[in-house]
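Here is my note for your review. Please read it with the model open.

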Amino acid sequence: MTERARDFFEMGGYALYVWPAWGLALVILGALALAAHRARQAARQALAESERA
Amino acid sequence: MNLHRFANPARFLRIARVVAPVAGWIAFAALLAGAAFGLVLSPPDYQQSETVRIMYVHVPSAWLALQTYVAMAIAAAVALVWKHPLADLFVKAAAPVGAGFTLLCLVSGSFWGRPTWGAWWVWDARLTSMLVLFFLYVGYIALSGAFDDEERGRRAGTVLVLTGIVDVPIVKFSVEWWNTLHQPASVFRLGGPTIAAEMLWPLGLMVVGFTAFFVWIVCVRLETELLTRKLRARLENSPG
Amino acid sequence: MTRKRRRLYTLLLAMTGLGVATALVLAAFQDELVFFYSPTDIAANKPAPGRAIRLGGMVEAGSVQKLPDGVTLFRVTDGVAGRPGRTVAVTYRGALPDLFREGQGVVAEGRLSGDGNFDARTILAKHDERYMPPEIARSMRQADGEQQHATGTLAK
C-alpha cells in the first residue's frame, strides 16, 4: 500500500469515526434504493402476468 | 382550484417515468462526486482535522430528514382537506425514506460527537428534538400499518404527521432558543455561511445528491403503490 | 360553506391551537431545556454546592494548567474578546476530548464545591460553526496579529 493510500484509510487517526459514518450512509441509502427497486420490479411483473392471464 | 387535475394516476405515471430516471442519475453522479470531494479532495478542518468529513453525510441527512417531514405534513394536510388521492400515497411512500435520513443523521452525528465533543450522545435540545423526529417517522409507519382497514390506518397516520410538525421548528431553532452542545447553523445564517468554499462545495454536491435520491425513490415507491392497487382492483373485479 | 372549506378552517384552527400550546409548554420549561449554565448564570443563581450541574463557556486563554497527576486546572469564562465576563475555576481529572483547547467552547459536568471551585466529572468540547482549512485559519490569525480572529463570513 502506498503512503497516500494509507493516509487516506487512516483519516488522520479518525478512521474509526469517519468510515462508519460514510459506511452507514451507503448501507441506508443502498438498502432503501434496493428495496424500492425490487418492489417496483415485482409489481410490474405481477401486473404484466395478470394482463396475460 | 382543481387539484384533482394532478391526481390522475395515469398522468402521474407518465410524468414519473420521465422524472425518476433523470433524478436517479443525478443522485448517482452527485453522490459519487460528493464522496470524491468530501473524502479525498477537500481539506481537513483547522480544529477538527479529518472528522469534518462526517459533516458531508451528517448535514445533508439532517436537512433531508426535516424537508421530508415538511413535505409529508403538507401532503397530509392536502389529503385531509382536499381528499387528494395521491397525497395519502405520497405520505406513505416518503415515511420510510425520511426515517432512514433521520437515522443516518443521528448515527453519523454520534460518530462525529465522540471524537470532537467527547460524547456519543448528550440530551441537549437539538439532539433530543431530532430523536423525537425519528420517533414520529417510526410512529407513523407503525400506526398507518396497525389497522385492518387501510383507509383508517392512513387517516390516523395523517393526524400524527400533522401533530408532529411542531417538532420541525424546534429542531431548526433549538440551537438559537436554548444553549446546546450542538453548534449553531453554519450555512443558512445571517451574514452568510461560515464554511470555507472548499468545504461548501462537497456539502452542496451531497445535498443535491440526497435531494435527487429522495425524488427518485419517492417516484419509484409511488409507482409501485399505484401498480399494486391497479392489480388488486383487477383481481377483485375478475370472477373467481 | 362547502365541506372542503370547513375542513380547511378546522385544520387551520387545530394547527394554530397546537402551535400556541407548544409555545406555552416550551416557555414553561425554558429552564429545563438549557443544556448548561454560564458563569454569569451561576453567579446570579448560586446553585447549591454538591448539586450536579453543567457549566459552559470558553476555556480562558492561558488558564490551562496540566498537573503531573493527570489533573487539569482551567478557567471557564463567558467574556468575549475585549469584554471580560465572569469566570469559574474548574478542576478535572481524566482524559480530555480532542477539541478541548484554550479559546474554544467547553461544557463541564460536575458540582460546585463550597469555595466556588467547580469539580468536573466530565468535560465536553463545544465547537463553533466555523469550518475552514488550516492554511486559511493560519493566514487569518496572521492578519489578526495572532489574536482571536473575529467571526466573519468566509465563503462568498
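The points below take chain B, then chain C.

1. **Basis.** This is a predicted model, in which local features need pLDDT of at least 70, side-chain atom pairs count only at pLDDT 80 or more, and totals for chains, interfaces and linings use all residues. Residues are numbered from 1 along each chain as its sequence is written, chains are lettered from A and ligands numbered from 1 in the order in which they are written, and side-chain values use heavy atoms, with hydrogens and water left out.

2. **Chain B overall.** Chain B has seven helices and zero strands. Helices (H or I, at least four residues) and strands (E, at least two) are DSSP runs, numbered from the N terminus. The C-alpha atoms of chain B fill a box of roughly 70 × 35 × 35 Å along the principal axes. Of its 240 residues, 57% are buried; buried means under 20% relative accessible area, exposed over 50%, partly exposed in between (1.4 Å probe, protein chains only). Take the contacts in chain B between residues at least 6 apart in sequence: 76% join residues at least 24 apart. Contact means heavy atoms within 4.5 Å.

3. **α2(B) on α5(B).** Helix α2 (residues 55-82) and helix α5 (residues 150-164) of chain B have axes that come within 9 Å and cross at roughly 130°. Axes are lines fitted to C-alpha atoms, for helices over the stretch in contact, and angles run from 0 to 180 degrees between N-to-C directions. α2(B) and α5(B) are therefore oblique to each other. Angles under 35 degrees count as roughly parallel, over 145 as roughly antiparallel, 65 to 115 as roughly perpendicular and the rest as oblique. On the α2(B) side, the contact residues are B:Y69, B:M72, B:A73, B:A76, B:A77 and B:L80. They meet B:R155, B:T158, B:L160, B:V161, B:L162 and B:G164 of α5(B). By class, this contact of α2(B) with α5(B) has nine nonpolar, two polar and one charged residues. Ala, Val, Leu, Ile, Met, Phe, Trp, Tyr, Cys and Pro count as nonpolar, Asp, Glu, Lys and Arg as charged, and the others, Gly among them, as polar.

4. **α3(B) on α5(B).** Helix α3 (residues 85-116) of chain B packs on α5(B) at about 70°, with the axes 11 Å apart. The two are therefore roughly perpendicular. B:D88, B:V91 and B:K92 of α3(B) contact B:E150, B:E151, B:R154, B:T158 and B:V161 of α5(B). The contact of α3(B) with α5(B) has two nonpolar, one polar and five charged residues.

5. **B:E50.** Look at the loop between α1 (9-41) and α2 of chain B, where B:E50 is found. B:E50 is buried, at 17% relative accessible area. Its side chain makes a polar contact with the side chain of B:R53 at 2.8 Å. A polar contact is a pair of N or O atoms within 3.5 Å; within protein, one must be able to donate a hydrogen and the other to accept it, and residues adjacent in sequence count only if both atoms are side-chain atoms. Not counting residues up to four places away in sequence, B:E50 touches A:M11, A:G12, A:Y14, A:V18 and B:P44.

6. **Chain C.** Chain C has four helices and six strands. The order from the N terminus is α-α-α-β-β-β-β-β-β-α. Of its 156 residues, 33% count as buried.

7. **C:G57.** C:G57 is found in strand β1 (residues 52-59) of chain C. C:G57 counts as buried, at 19% relative accessibility. C:G57 and C:D78 are 21 residues apart in sequence and 5.2 Å apart in space, C-alpha to C-alpha.
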